Amino acid sequence: MGTLFKCYKPLFLTRFAPVPKSLRIVHPLKLKRRSFVRCFDCLSSSHPLVNEKTTQKPIGDLPPAPSPELWLYNTMTRRKDLFKPRVNGKVGMYVCGVTAYDLSHIGHARVYVTFDVLYRYLMHLGYEVCYVRNFTDVDDKIIARANELGEDSISLSRRYCEEFHQDMVHLCCLPPSVEPRVSDHMPQIIDMIKQILDNGYAYRIDGDVFFSVDKFPKYGRLSGRKLEDNRAGERVAVDSRKKNPADFALWKSAKEGEPFWQSPWGPGRPGWHIECSAMSAAYLGYSFDIHGGGMDLVFPHHENEIAQSCAACNQSNVSYWIHNGFVTVDSEKMSKSLGNFFTIRQVIDLYHPLALRLFLMGTHYRSPINYSVVQLESASERIFYIYQTLHDCELVLSQHSAGHQKDFIPPDTLNGIKKFHDDFLASMSDDLHTPVVLAAFSDPLKTINDLLHTRKGKKQAMRIESLTALEKIIREVLVVLGLMPTSYSEVLHQLREKALKRARLTEDQILQKIEERTAARKNKDYEKSDEIRKDLAAIGIALMDTPEGTSWRPTIPLALQEQQVTAV
């Protein structure tokens, strides 16, 4: 085997995603298109070079932290490692994208919300981030679906790529710096396969090219699997021609009814794994900072990526391998065969997308997350409370001129803000511990409600200044988490509309019930009054009596509340 490795030379112009100028991010794909810059270049160095004219400002206006140390769990080392980018101030991140042949499901939502949070937090810390997320638009599943529908496979995949984009808009995921597609990168894929062959790590059989796992002694170091564990038929295609049953395809010869591209080995198409090795090298170089995806990709996909990339270039190295945990549905594995398979569209038809995002962030990204109606109802109620509190605060602040407010903030408020900010940084820097951050909202939100609604709070000195500062710090954290709406009133209206749809009621029907209850109370028919309240609560509508009258808000349906209590 030769000792000299020629490394693939990325020449692509890629895009740095700018930090949005507005603090309130809801529709990331409506952002102005970005200028093209060369993100990383390995022509003269194994270290990526970044165009210095391209700058990103930290997301949000939170006070800069004194050089916070970010710790991330690294699947390769099996521990939390201190994050140190290869180039100071620059981060290269590649996340495996969807195979675009159908609508995306909640498992996909978890992956891309997880890495959107990481992307946002890295930018908040001041890093320039080149975030690459691919589309697989050449694959067995795509071809099968296209043949079933009598549609061109590339056209079908393009259609589902656009559907995926819409899902990401709904979930408030920022667009990556670049989104390469397999069909646009055949020359790079073919070049990499040629390099692997030249270096002695692959072999040809009848127009197919296979990677020889026996030639790569470090195979299995990411997953911890041994070669003898990789039996044919278990996530490895059965083929008696292979030298080792665990060998995997780099190039597949053309078959009737399938798309194909010309190559030195004849017409065909690439295997699944080679695409990410080629595209990550094309945009980030062979060595970069973060490679991410779902836990299901550790083996074989990411294991095979490592083998391919190292076989093509001995300088290949990813510093941090990051994987999110699985999604279960009512404590069972999500599966179409079990009938518990939910697309993002199905979920957000009944629940606000920000409620789904909050739900996904409510469990640490590496832990399994159990999707259930109870959990989603709870997330929906929680996010309504957050936005209602901030909306009430905004209404009060709108009645006071900013010019008449003083800069001084009472010590108690200042200490509360500092604690919230410190907890935010400490938790996010500890492997993105979003559940702790979400729990930390409780204190500042309670303080706002006390200042707004209690007799003592309304009399507190510097009340308006305190409300202003509290709303600002909460807003800034919401931006970093991707939970900041364009308008509090608009998102509250949307949350109410979703609750009405789940309850199968209209606003007018609820108002009629409120009138009936008011009349019953006036007539001292408290039994009927309580019955109306209870009937509405049973379907997720809570009535609130105030001196100004009765209003309603979404709540967790009574039966589901009882399930929560039983579960605890």
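**View 1. The side chain of D137 reaches for the backbone nitrogen of V182, at 3.3 Å.** That is a polar contact (a pair of N or O atoms within 3.5 Å; within protein, one must be able to donate a hydrogen and the other to accept it, and residues adjacent in sequence count only if both atoms are side-chain atoms). Another polar contact, at 2.5 Å, links the D137 side chain with that of S183. This is a predicted model, where local features need pLDDT of at least 70, side-chain atom pairs count only at pLDDT 80 or more, and totals for chains, interfaces and linings use all residues. Numbering runs from 1 along each chain as its sequence is written, and side-chain values use heavy atoms, with hydrogens and water left out.

**View 2. What surrounds D137?** Leaving aside residues up to four places away in sequence, D137 touches I142, I154, S157, R181, V182 and S183; a contact here means heavy atoms within 4.5 Å. D137 itself sits in the loop between β6 (128-133) and α2 (140-149). Helices (H or I, at least four residues) and strands (E, at least two) are DSSP runs, numbered from the N terminus. D137 is buried but has no salt bridge, and R181, the nearest side chain of opposite charge, is 5.3 Å away. For the cut-offs: buried means under 20% relative accessible area, exposed over 50%, and partly exposed in between (1.4 Å probe, protein chains only). A salt bridge needs a side-chain nitrogen of Lys or Arg within 4 Å of a carboxyl oxygen of Asp or Glu. On charge, Lys and Arg count as positive, Asp and Glu as negative, while His and the chain ends are not counted.

**View 3. R78 has a positive phi, near 60 degrees, without being a glycine.** Most residues other than glycine have a negative phi. R78 is in the loop between β3 (71-74) and β4 (79-82), and at 43% relative accessibility it counts as partly exposed.

**View 4. D206 is another non-glycine residue with a positive phi, near 50 degrees.** Look for D206 in the loop between β7 (202-205) and β8 (208-211). Is D206 buried or exposed? Its relative accessible area is 63%, so D206 is exposed.

**View 5. F299 and P300 are joined by a cis peptide bond.** Omega there is about 5 degrees. Most peptide bonds are trans. P300 belongs to helix α6 (residues 298-312).

**View 6. Zooming out, the chain has 18 helices and 17 strands.** Of its 568 residues, 54% count as buried.
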